[in-house]
Every structure is written in C-alpha cells, then in structure tokens.
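Colleague: I am new to this structure. Could you show me how to read it?

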Amino acid sequence: RSMPSSREFHLGMFEIGRPLGKGKFGRVYLAKERKNGFVCALKVLHKSELQQGKVEKQLRREIEIQSNLRHPNILRLFGHFHDSKRVFLILEFAGQGELYKMLRKVGRFSERRAAEYIAQMAAALQYLHKKHVIHRDIKPENILVGIHGEIKISDFGWSVHAPNSRRTTMCGTLDYLPPEMLNGSNYHNEKVDLWSLGVLTYEFLVGAAPFEDSPVETQRRIVRADMKIPDFVSLEAADLIKKLLVVKPDQRIPLDEVAKHPWILKHCAPKP
Ligand SMILES: COc1ccc(C(=O)Nc2ccccc2)cc1NC(=O)CCSc1ncnc(N)c1Br
C-alpha cells in the first residue's frame, strides 16, 4: 500500500483514528487513507495559531525541505492540504512511538542500544548535511521509533538551509543549544547538529542532559562545555561525547568519523 502520488489530498480521504500525541502547534492522529488503506499520521495545525506564532513561513520552508528528503531514519512528510481553518500534514506513522517516552521509562539506555541509535542519527544527519539542511532541534522529543525499532528524526520545525543566521527566537529547553547559538554570534552552520548529537549521546547513556541546571547556569555551562561524565559511562562512549561537545564548532569530530568511532563499531557490527 502506498500514499497516492496525486498531489490533491482532502480530509474526506482519511478515516481518523486515535490521537497519537501533541506535536508542536498541533494534534496528531492515526489515520487511514480510505481508498487503499494506507496508514499514516495526520497532523492538524490551526492557521490562527500559525499566524499568532508567526511560523507560516517556517512551515512552508519545512514542507519544501521535507518534500525531497528520503531516508529510513527521517520521518517522511508525504504531503499536505488545508481547509479554511486548518493545515494538515500527512506524516509517516512511526509504529513504536516516541523515543523520549521509552527513555523516561527505562531511565537510561544500554550502551549497545545508545550506540545503535547514535549510529542511525549520524547516518540521518550525514544525509541532511549533504543536502545542506541543518536540523537545529535534535533532542529526544523530536525522535520517533519505527516498527522495527529504527529511529526517525521528526519535526523539522527549526530546520533551515545552512549556513544560516537565526531570526526567530528560540523556545523550549536550552539543554541542546550549542555555544555558538548562545553567545549571540547568531551565525551557525551544520556543526550545531554535532553538538546536539553529543548532548543526545550523553542523555541516552546518563538519562539526563549534560548541562541540565537553572537556565542561567545551563548557559554558563554550555559556553564552557562544562560537563561531568559519570563513571558508569564507558571510556569509549565518554571519548565520543567529549569529541562532540567541543565549544569551537570546527573542532567537533565530523560525522563520518562518528560512524567509525570505536564505541560505535564495538556495538554496531557492520552489516554482514
Ligand atoms: C516529518 O515530521 C514532521 C514534519 C513537520 C512537523 C511540523 O509540525 N512542522 C511545523 C509546524 C509548524 C510550524 C513549522 C513547522 C512535524 C512533524 N512530525 C511530527 O509532528 C510528529 C508527530 S507525532 C507522531 N508522528 C508519527 N508517528 C507517531 N507515532 C507519532 Br507519536
């Protein structure tokens, strides 16, 4: 079964199922396309909220960026349509749901599980960076899990074409912001995703973000990459984290070296 390739979609084409979660700016429902039973996730965004949040442009850019992304670790945006009051995004349904819920449930992931996820993240980011797309919002809340346990980066609400200087202000947690997006330099490039990958690796293994503190303290610790890695984290994992959480963007370990790092190779036996 596949989503019809014809561009015109409308709400009547879908049978709406259970709510899946509340993404940014909207609710998401399980949905089934009536004609050929294609199961997807339908995200409903209210135009009034998009206008209030001044994010219509961001959404348009996102739809344009997403329409030519095809990668097993990137959640698909198959299409979109709107009625008088709402915009609908037709998304790939991730069969095992939200990664951060799994992380909160188990506290922290095993080194093998964390390494498999980071290897998949590195592959997805390599793909995005080759297309000069930076995600800029890598965090557990924006990662879903597919039916076979593979991770899917989602919610490119902040993705832009690199290099870029941010115009709209940030919202949400500071935990994942790299130093260059905090020290007012405003200019940043793909290497912001390397920093976030380091924060993600730490959070998968420790169960909390490396600079988690009061907002003021968090900023102070981020700009100095002031983190403590607990002893239960293996030396190889700690080595990769320290090579990603480097204040100077150009000194961060590049993605192709992340994929070949001893910690990744140890746990992700290459495909037979
Ligand atoms: C490619 O995925 C997206 C692409 C774009 C946007 C988005 O809202 N952009 C946006 C919205 C407003 C302004 C600017 C950008 C959001 C998503 N993704 C999501 O919202 C994830 C919905 S939750 C879910 N989805 C599938 N399977 C599950 N099991 C679950 Br739970």
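Colleague: Which residues of helix α7 are buried?

Modeller: Keep in mind that this model is predicted. A residue counts as buried when its relative accessible area is under 20%. In α7, residues 235-244, that gives Ala237, Ala238, Leu240, Ile241 and Leu244.

Colleague: What covers the buried residues of α7?

Modeller: The cover includes α4 (111-130), α5 (191-206), α8 (255-259) and α9 (262-267).

Colleague: Now the ligand. Which residues around the ligand come nearest?

Modeller: Start with the list of neighbours, then check atom pairs. There are 22 residues around the ligand, and Lys43, Glu62, Glu92, Ala94 and Ser154 come nearest. A side-chain N or O atom of Lys43 is 2.7 Å from a ligand oxygen atom. For Glu62, a side-chain N or O atom is 3.2 Å from a ligand nitrogen atom. Ser154 places a polar side-chain atom 2.8 Å from a nitrogen atom of the ligand.

Colleague: How much of the ligand's accessible area does the protein cover?

Modeller: On its own, the ligand has 690 Å² of accessible area, and the protein covers 97% of that.

Colleague: Which element gives the largest share of the shell around the ligand?

Modeller: That is α2, with three residues. By type, the shell holds 13 nonpolar, four polar and five charged residues.

Definitions and conventions: Residues numbered from 1 in each chain as written. Predicted model: local features only at pLDDT ≥ 70, side-chain atom pairs only at ≥ 80, totals over all residues. Heavy atoms only, no water. Near = heavy atom within 4 Å. Polar contact = N/O pair within 3.5 Å; in protein donor to acceptor, adjacent residues only side chain to side chain. Areas by Shrake-Rupley, 256 points an atom, 1.4 Å probe, with all protein chains shown as cover. Helix = DSSP H or I, 4+ residues; strand = E, 2+ residues; numbered from the N terminus. Nonpolar A, V, L, I, M, F, W, Y, C, P; charged D, E, K, R; others polar. Buried < 20%, exposed > 50% of the residue type's maximum accessible area, 1.4 Å probe, protein only. Contact = heavy atoms within 4.5 Å.
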